[in-house]
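I opened my notebook to jot down what I looked up here. Let me put the structure on the page before I start.

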Amino acid sequence: MEIKGELALRKRQVLILFVLLELSEAGTESVRYSVAEETEVGSFVANLARDLGLGVEELSSREARVVSDDNEKHLQLDLRTGDLLLNEKLDREELCGSTEPCVLHFQMVLENPLQFFRAELQVTDINDHSPMFLDKQILIKISESTSIGTTFLMESAQDLDVGTNSLQNYTISPNYHFYIKIQDSGDGKLYPELVLDRALDHEEESELSLTLTALDGGSPPRSGTTLVLIKVLDINDNAPQFAQKLYEVQVLEDTPIGSWIITIFANDLDTGNYGKISYTFLHASEDIRKTFEINPVSGEVHLRSCLDFEVIQFYTIRIQATDGGGLSEECTLLVKVIDINDNPPEVTISSFTKSIPENASETLVALFSVRDQDSGDNGRMVCSIQDDLPFYLKPTFKNFFTLVSEKALDREIRSEYNITITVTDLGTPRLKTQHNLTVTVSDVNDNAPTFSQTTYTLRVRENNSPALHIGSVSATDRDSGANAQVTYSLLPPHDPQLPLGSLVSINADNGQLFALRSLDFEELQAFEFRVGAADRGSPALSSQALVRVLVADANDNAPFVLYPLQNGSAPCTELVPRAAEAGYLVAKVVAVDGDSGQNAWLSYQLLKATEPGLFGVWAHNGEVRTARPLSERDAVKHRLLVLVRDHGEPPLSASVTLHVLLVDGFSQPYLPLPDAAAAEARADPLTVYLVVALASVSSLFLFSVLVFVAVRLCRRRRAASGGGCSVPEGPFPGHLVDVSGAGTLSHSYQYEVCLTGGSATGEFKFLKPIIPRLPVPDTGRNIEGNENFRNSFGFNSQ
């Protein structure tokens, strides 16, 4: 009876132990539906929306879906109507075997908020299987001395259907010796027994062939047949006897195929052929015949195929021992399968959000379930993720978990997370399953563009061509997509007088700056303005930078001569006494340049002279000096062409003409040369009057100055040597005189003059400038000394 009770409780099961946190939203009662097996795909089962009191719109908005406990997609939910439909044909025998009723458990999962509704689907049986005998022929050996009423056990038929569609009756073909007696085992199975109704006679009939028919209770009923071959034997009065009626053995589920399980032994007191015992399985199912085999002679039971605790936990095998005379006895072998940790945990993702916004906190990322088909500690599981991630696992309903973000994320710090869900059982050895999820962080516009520099300095050469690219500004945005697309613009200047719109423009896409017109250094040396960079997010963020533009000078202005003036009037004539020594300052050419820097550095050069070698020009300050002492042979009038050149690239220049007149002394009246007299004769009377007046005033002034200087010098020399120069009586204002005026020396040069004592002609000299102070030259100094004196001043002569 204990064996029959265990057979009645036998069913397929997977034990998974968890510590579950029951959600308050989960339903407390299950809804049961029913559907016949083999119903067509897409058939209507029920309207879940109506049964659960939900709106059809709510099903779509809350992403309703059906999740089965076995993770198989037997059903599908039509979100448009709320109808529960079959997703596949259901085979009750494949799903539940002999278990009745056949119930499939499933849940309907709703999100936002998370909610579960439990439901059951009962698959009802239809008569789609006929009874079937596993053996095509049943051999029964019966002694002719067998008494009437003796029963003989026979193999039963197998019918996969249940209830009224299962096996209900057996019949035997018409004969004179036997009839069928049906035996109920108490577990719902019917076993046929052959009952002897009329004595057998081996000599009259040694073999009988009968047909055994099995009938089910379907409408119409189905049937299966097998051949019963009866051999009539001589008398055998001892049946085999087993040492025990029940054998028990435990076998690990990973036992190799072909392993020995147990040896069954029976004894027969008969001798000869009647004492030879053969062992066979009795009423064995197809699973038992596929899994085990028995040696008919030795009674050894071996493993024929792999065991799987998760499929079948124990086997009850009935073994029959039959002797040579046809007498038989039976015993029961109970094989218990011992579980090992051979199944890793399984992870099933029900929903997964691949991308979450960076500013959202506690966002549902994934909903998944776990299970382990092992039992005991082998089926207990621990679920975890990496510790260094801003996510955590939250147990929900039954074996379901949710993956939730802990806080708001920052895409600029990390834009992608690789999350590994690790499920480990507690068996030995521990098995684990890992499932990888990649979650991307979507961008929000939380970063303003940033310029590479707060201040940009650009240099542009003046006289540039319009639309010239003068430089670029660059800003980057740590966001992505449209939030990182930067647009550049010019901001209104602080100086309202600056015509920024006519000076520069900016490319809104790449920040390139262009000069709109030609710039002039002499008009505008530098200007500055602000540039803005804005992204395309919503709302847009922006920043700004300062741009300073420096206009570089170009050599676009030629030197301009201030002195002597070149105004088209009568040329200016410089007077030089014939007694002048080398280095005598004749005149100074003064010029300016509108440019700056190197472009405004001026140098002077004597291009052309009436008498080359007589005059030279100081290259850096434009001073025109005598290169050697004058002589009586030198011409009276000299024309000097002085070139003024800047240091630009290319250099620009201007020229000026100096007229020099050699005189014996400042007391000698200025007599124009014939060509000059002709020119003056042709000039208008007013010009002539002006020239005469100017010459008179100049002569008088020079004479007064010379007298004054001579007196002072003679007094100094007399004080030093006790005698010397003859000095006219009367005091002089001073000994240094600044000689200036038309055609004379500049204001920055002063000379000493001294009247030589004892000179009959009253000759005087004014050859020594005070700064720099030079020694008074001797009258007997040769030409070589004069040449050295000229070279020491850096004269440029021709």
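Are Phe 391 and Tyr 417 buried or exposed? Both of them are buried (buried is under 20% relative accessible area, exposed over 50%, partly exposed in between, with a 1.4 Å probe and protein chains only).

**Ground rules.** I am looking at a predicted model, where local features need pLDDT of at least 70, side-chain atom pairs count only at pLDDT 80 or more, and totals for chains, interfaces and linings use all residues. Residues are numbered from 1 along each chain as its sequence is written, and side-chain values use heavy atoms, with hydrogens and water left out.

**Rings.** I went back to Phe 391 and Tyr 417, which form an edge-to-face aromatic pair with 5.5 Å centre to centre and 80 degrees between the planes. Rings of Phe, Tyr and Trp (its six-membered ring) pair if their centres lie within 6.5 Å; planes under 30 degrees apart are stacked, over 60 edge-to-face, and the rest tilted. Phe 391 sits in strand 28 and Tyr 417 in strand 30, so this pair ties together parts that are 26 residues apart in sequence. Searching the whole structure gave me nine aromatic pairs. I also noted a cluster in which ring pairs link Phe 116, Phe 397 and Phe 400.

**Whole protein.** I found nine helices and 52 strands; these are DSSP runs numbered from the N terminus, helices being H or I with at least four residues and strands E with at least two. Of the 798 residues, 43% are buried. I then checked contacts (heavy atoms within 4.5 Å): among those with a separation of 6 or more, 68% are between residues 24 or more positions apart.

**Salt bridges.** The whole structure has 20 of them, each a side-chain nitrogen of Lys or Arg within 4 Å of a carboxyl oxygen of Asp or Glu. I looked up Glu 155 and Arg 289, whose side chains meet at 3.7 Å, N to O. Glu 155 is buried because its relative accessible area is 10%, whereas Arg 289 has 23% and so is partly exposed.

Next I checked Asp 664 and Arg 578, with their closest N and O atoms 3.6 Å apart. They are 86 residues apart, and each is in a loop. Why does Asp 664 count as exposed? Its relative accessible area is 53%. Arg 578 has 11%, so it is buried.

Glu 623 is buried at 7% relative accessibility, and Arg 625 is buried at 4%. I also wrote down a network: bridges with shared partners join Asp 135, Glu 155 and Arg 289.

**Ser 502.** I found this residue in helix 6. At 33% relative accessibility, Ser 502 is partly exposed. Which residues does Ser 502 touch, not counting those up to four places away in sequence? They are Leu 516 and Arg 517. The C-alpha atoms of Ser 502 and Arg 517 are 7.2 Å apart, though the two residues are 15 apart along the chain. The Ser 502 side chain also reaches the backbone oxygen of Pro 499 at 2.9 Å.

How values were computed: A polar contact is a pair of N or O atoms within 3.5 Å; within protein, one must be able to donate a hydrogen and the other to accept it, and residues adjacent in sequence count only if both atoms are side-chain atoms.
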